[in-house]
Amino acid sequence: MSKVSPCLWFNGEAEEAANLYISLLPGSRIEKVQKNVIDGPSGKAGSVLLVEFTLAGQRFMALNGGVKMEHTHAVSFKIDCADQAEVDRLWDALLASGGKAEHCGWIRDRFGVAWQIVPAELAKYIGGPDDAAAARAMQAVLGMIKLDAEALRRAYEGKAA
């Protein structure tokens, strides 16, 4: 396991968020739920203080910090998807649970955390050896909300949509 893991700040929603996240990807689980032992800024004694969880092999901690803190795009979580079906499944799951679609494959979950739902082919197309083809693919990305691997391929190959 890595010595470094992200800590996500919530205001009473840490366990709910962790449960949503582990439902998204295989190999995910709650490791530990720690309760507050005294009344304090993060909640009453007996309420959830933090949740340690593993999301597809990456350790995280969700902390109920006691005040609302805004999540920004300065930190987001990228999920590399094997195929378009996985992109669609994750996108739909985040939307169905109260998320908000943004642009270029970005989506915010109902807690405000930013995610990038990315088809595996993205790097191949926007970083390909043909600069003109990569530029067409990047232009296509800029016009998308949810990323579409087939549309990216067509753009890269110079084929009309």
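**Exercise 1. List the residues that Trp115 touches, leaving out residues up to four places away in sequence.**

Solution. Trp115 touches Tyr21, Leu55, Phe77, Ile79, Leu94, Gly105, Trp106, Ile107 and Asp109, where contact means heavy atoms within 4.5 Å. This is a predicted model, in which local features need pLDDT of at least 70 and side-chain atom pairs count only at pLDDT 80 or more, while totals for chains, interfaces and linings use all residues. Residues are numbered from 1 along each chain as its sequence is written, and side-chain values use heavy atoms, with hydrogens and water left out.

**Exercise 2. Find the members of the largest nonpolar core that touch the most other members, and the elements that supply this core.**

Solution. Start with the term: a nonpolar core is a set of buried Ala, Val, Leu, Ile, Met, Phe, Trp, Tyr and Cys residues joined through side-chain atoms within 4.5 Å. Buried means under 20% relative accessible area, exposed over 50%, and partly exposed in between (1.4 Å probe, protein chains only).

- Of the 28 residues in the largest core, Phe10, Tyr21, Phe53, Trp115 and Ile117 touch the most other members.
- At least two residues each come from β1 (7-10), α1 (14-24), β3 (48-55), β4, β5, α2 (84-96) and β8 (114-119).
- With seven residues, α1 gives the most to this core.
- Another core lies apart from it and has 14 residues, among them Tyr125, Leu147, Leu152 and Tyr156.

Helices (H or I, at least four residues) and strands (E, at least two) are DSSP runs, numbered from the N terminus.

**Exercise 3. Sort the residues of β1 by face, then describe how β1 meets β4.**

Solution. Begin with a rule: in a regular strand the side chains alternate between the two faces of the sheet. In β1, Leu8 and Phe10 form the covered face, whereas Cys7 and Trp9 form the uncovered one. Next, β1 and β4 run parallel and are joined by four bridges; two strands pair if DSSP finds at least two bridges between them. Within β4, Met61 stands opposite Cys7.

**Exercise 4. Count the helices and strands, then find the share of buried residues.**

Solution. The protein has five helices and eight strands. Of its 161 residues, 41% are buried.
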